[in-house]
Amino acid sequence: MNSIYIEHNPFTIKTTFLINDEKPDEQIFLNNYVNRRIQLWIEGFFKKVGDELFNGTNFKVIFKGLENDAVDVKTDIEKTNSNIKFEWIKVADSDNRLNDIKHLIHKAEKHPLFSEQMKQPKTQENLEKALSNDFDIYVAATMSAGKSTFLNSLLGSELLPAANEATTAIIAEITDNKELDKGVFKGRRIDKAGNCVEKSDEVTLNILKDWNSTELHKDTAIIKLEGNVLGINARENIRLILTDTPGPNNSQDKDHEIVTFRKIQDNTKKPLICYLLNATQIGINDDKQTLTMIAETMKQGGVQNKDRFLFLLNKADSFDEEKGESIQSILEKCKDYIKSFGIADPLIFPISARNASLLRKRQFNFTLSRAEMSDLRNWEFRALDDKEDNYIGIDFTKYMPLSTPVKQKLQNEENIALLHTGIPAIEAVIDNYIDKYSIPERVFRAYDALKNVTNIARNKEDLIKNLESYQEQREKIKDALQCLKDAKKIRESTKKDLDKLIDQAEKDPNKLSLAKPLNKINELEAQIREMIELEGETFKSDKNRSKYKTDNGINEVIKQISNKFEHQKAELISKSENLILNAQDKTQEALIEIYKEYLETFFSNINIPKVPRANLKKAMSNIGYNFGLEKLQSAKKITQTEEVRVGERSRFVLWNPFTWWADPEYIYEEIEIFDADATWNEVISPMLDNEFNQFFNLVVNKIRTDIREQINTFSKFISEEFAKQMTNISQDMEAKMRDDKNLKEAIQEAEKNLEKIKAFEKEIDDVIAL
């Protein structure tokens, strides 16, 4: 039988393929996946393998890697062909690797060969990201979906205000702190300038309601809370941060709406998004814009972009299966609703947050009201099996898309009534997401930072060691080094040559040209223009003109239009921010390539033997780049004067028979009527045009100025750093070449250092080896 062997290392993001025990040809499609995370290419992979490699015949898959990656492999196999055989070769999990690599980071910081590079800003930035224990979960919801109740069920206490209305007006960030007593939360209210304006060491429900009031506190940007999230078990290397966001349609501050959109579109950190829907109000369409954005984000690729959006169908206990109200049918309705926005195969989890919250309150000995105790007894009566009555209790986990690792995590849950609410399963899914993505990503960042540090150290030592082979050309090398010691001259020539390469790259659409991001902006603008045009057609064709007859009527209509486009603007701001950041990332990549191009030119003109020149170029190649909108206002209606028939009077006159059958006389008055066309064309449309013209001009200018500043900073930094490093290396090499004794000692030391570097690199590689 044909076979394909796949070995995927998520810590180095390297994949090895063997086809029938042999390496595949370089031209084969498998090579496109060698340096990409498996979740970015596994969907539909085995259909392609079967069609293109094995001509539709059955084959065997042998996979070596982490369990969560093996689950994704097996899932795609099952979707493709049940006859494909699967074998999984297990490897060690992630947690211990992270601890081991932390140990190596501390070791490198004290190591004389690595300590200096470990202090460099870029190294510090990468290590800070790798060592940060914070893991973000953002919770958003439709109106009255029970978002605060869901969070309270995780917290194990009634901290957040819960009601059948929009109660969250301010973003609240809750950081897990296992050192605090149960039910005790510290808090700070932060204003929009970043200042702490109020704080409390014991936040109560009333304090939080006060801080959450936008009428009392219009300056609040975020509420930061810290306490023991009782529903989440403590685990090493992870600190959970739950963020309670106002729903985009409920937010009274557009800055908060932008934050929600920003997190949905964040494809760098990829925070987990828990999106709650109300099982009793599916399809009320108050979340159209948010779900559309989620769909766009999920389409950008990979299993992870699917895994990070959890659709929680809350209040699933509102239905009575004994009366034929099927949970499965509600799930299908919810799935169809979500799929209508372009979200294929959404992960939907039915839950009962209120019952989980009550069970947790009882579990942690918080006081329950009589009504709460009654509700709790009712849930247990419905959720637990009754063998005597041949009754099978409600269990929402039966309807959940749970992976094998998640099911294994749930086996230790002893509280069956709590398990059946679905909340422990959500916690296990969160825990599994951390195992699957967060820990391997952090190990990779740390590994990559350490390897970069050792590469720099090795290049420096290689440079000295290889001088031994060129002793007969020492004078020639010395002469060349004399030229490289002139820092001022090198700095000036470097800047001149770099700027020339940059000028050429700015004309190339595949390098530094702004054509692509500006085209994206034009596409966004075209979408908005189309929306405005459609809105205008609707406004002008509205047959229900009576609602426009008064100033209040027209102002109400304009307010609705304003709100609609304010939501659109918040989404645009988020998308534009991503465009700007992506443009900066692409610019950074292009600038690094320009630097490499410059190195090739620079060293091709230096009169040094080939090997020392190559080593010198390697040493130099490691220089890195350690580098509001107003609302529509209400407007008066535009009217025109027109004669309108307001009545009639009879022409009948008793003494004149000729008037007895005459037509009545119609009465006309000049009155003011609403002119929809003029109102739209002369008031509303210019307002919207002006608003979005300003916005898009702002975005374009931002891209242009940011990229120009980035290029200028790069040019200045590289020319100065290049001159400094080149001078230092040249002086160091010259000093070691002054006489045979110096050179011999330097070469011996370099050889010893290379052995130390090799030993340390083996330690790093052993940590991430499968």
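View 1. Asp191 belongs to strand E7 (185-191); helices (H or I, at least four residues) and strands (E, at least two) are DSSP runs, numbered from the N terminus. The model is predicted: local features need pLDDT of at least 70 and side-chain atom pairs count only at pLDDT 80 or more, while totals for chains, interfaces and linings use all residues. Residues are numbered from 1 along each chain as its sequence is written, and side-chain values use heavy atoms, with hydrogens and water left out. Asp191 is buried, with 12% relative accessibility; buried means under 20% relative accessible area, exposed over 50%, and partly exposed in between (1.4 Å probe, protein chains only). Between Asp191 and Lys218 there are 8.8 Å from C-alpha to C-alpha, although the two are 27 residues apart in sequence. Gly194 lies in the loop between strand E7 and strand E8 (196-200) and is exposed, at a relative accessible area of 52%. Its C-alpha atom is 9.3 Å from that of Thr220, 26 residues away along the chain.

**View 2. Two cysteines, Cys196 and Cys274.** Cys196 is partly exposed, with a relative accessible area of 38%. Cys274 is buried, at 0% relative accessibility. The structure holds 0 disulfides, a disulfide being a pair of cysteine sulfur atoms within 2.5 Å.

**View 3. The aromatic pair of Phe29 and Phe45.** The structure holds 16 aromatic pairs. One of them is formed by Phe29 and Phe45, edge-to-face, with 6.3 Å centre to centre and 65° between the planes. Phe29 is in the loop between strand E2 (14-19) and helix H1 (45-52), and Phe45 is in helix H1, so the pair links parts of the chain that are distant, 16 residues apart. Rings of Phe, Tyr and Trp (its six-membered ring) pair if their centres lie within 6.5 Å; planes under 30 degrees apart count as stacked, over 60 as edge-to-face and the rest as tilted. Phe29 is buried at 9% relative accessibility, and Phe45 is buried at 2%. Both residues are in one aromatic cluster that also contains Phe17, Tyr33, Trp41 and Phe46. The charged end of Lys48 sits over the ring of Phe29, 4.8 Å from the ring centre. A charge sits over a ring if NZ of Lys or CZ of Arg is within 6 Å of the ring centre and within 35 degrees of the ring normal.

**View 4. Phe366, with Lys182 and Glu158.** The charged end of Lys182 sits over the ring of Phe366, at 5.4 Å from its centre. Glu158 and Phe366 are 208 residues apart in sequence, and their C-alpha atoms are 9.0 Å apart in space. Glu158 is in the loop between helix H6 (147-155) and strand E6 (171-176), and is partly exposed at 42% relative accessibility.

View 5. Most residues other than glycine have a negative phi. Asp345 has a positive phi, near 50°. The residue lies in the loop between H11 and E13 and is partly exposed, with a relative accessible area of 45%. Asn365 has a positive phi of about 65° and is not a glycine. The loop that holds Asn365 is between helix H12 (353-363) and helix H13 (370-383). Asn365 is exposed, at a relative accessible area of 64%.

**View 6. The second largest pocket.** About 1,000 Å³ of space lies in this pocket. On a 1 Å grid over the protein atoms alone, a pocket is an open set of points where a 1.4 Å probe fits, with protein on both sides within 12 Å along at least five of seven lines; lining residues have an atom within 4 Å of a point. Grid points are joined across faces, edges and corners, and the volume is the space filled by probe spheres set on the points. The lining of the second largest pocket has 40 residues, and Val71, Thr75, Pro401, Leu402 and Ser403 lie nearest the centre. Elements that each supply at least two lining residues include helix H2 (67-80), strand E4 (85-90) and helix H16 (423-465). H2 gives the most, with 10 residues. By class, 19 lining residues are nonpolar, 8 polar and 13 charged.

**View 7. Gln408 in helix H14.** Gln408 is found in helix H14 (404-410). Gln408 is partly exposed, with a relative accessible area of 41%. The C-alpha atoms of Gln408 and Ala428 are separated by 9.2 Å, and the residues are 20 apart along the chain.

Conventions: Nonpolar A, V, L, I, M, F, W, Y, C, P; charged D, E, K, R; others polar.
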